[in-house]
Amino acid sequence: VQLQASGGGLVQAGGSLRLSCAASRRTFSWSVVGWFRQAPGKEREFVAAISWSGGIYYADSVEGRFTISRDNARNTVDLRLNNLKPEDTAVYYCATGLNYGSQRTQDFGSWGQGTQVTVSS
């Protein structure tokens, strides 16, 4: 089962976007949901993650600017991106995992197609 990421777009530096990740309840139940991003020519990197019970952790590069949240009733996990910078430009992916606290891509699965975020300077 793949997750569906949406909400990307083109925004100026300093702007905001809200990304959303959707999947079936079966996919999300009891799982950690993580957001990752991949810029051209770079490896996929961790952005933020949230557990089923609401535990949250962020990459240092986005701490204080991005906010992750989840709605278990709607089976969605959102990522609010504030104060965007050109270096935030990437394809953003969501995925599920079981190891709370992990930032490794190999600990997550059910990758969707991603959504493009482009930040102009």
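Arginine 44 lies over the face of tryptophan 111, at 4.7 Å from the ring centre. The charged end of arginine 44 also sits over the ring of tyrosine 93, 3.7 Å from its centre; "over a ring" means that NZ of Lys or CZ of Arg is within 6 Å of the ring centre and within 35 degrees of the ring normal.

A word on the model: it is predicted, so local features need pLDDT of at least 70 and side-chain atom pairs count only at pLDDT 80 or more, while totals for chains, interfaces and linings use all residues. Residues are numbered from 1 along each chain as its sequence is written, and side-chain values use heavy atoms, leaving out hydrogens and water.

Now to the rings. There are 6 aromatic pairs, where rings of Phe, Tyr and Trp (its six-membered ring) pair if their centres lie within 6.5 Å, with planes under 30 degrees apart called stacked, over 60 edge-to-face and the rest tilted. Here are two of the pairs:

| Pair | Centre to centre | Plane angle | Type |
|---|---|---|---|
| Phenylalanine 36 and tryptophan 111 | 5.0 Å | 70° | edge-to-face |
| Phenylalanine 46 and tyrosine 57 | 5.2 Å | 20° | stacked |

Phenylalanine 36 and tryptophan 111 are both buried, that is, under 20% relative accessible area with a 1.4 Å probe and protein chains only (exposed is over 50%, partly exposed in between). Phe36, Phe46, Tyr57, Tyr93, Tyr100, Phe108 and Trp111 form one aromatic cluster.

Finally, cysteine 21 and cysteine 94 form a disulfide, with sulfur atoms 2.1 Å apart (the cut-off is within 2.5 Å). Cysteine 21 counts as buried because its relative accessibility is 0%, and cysteine 94 counts as buried at 1%.
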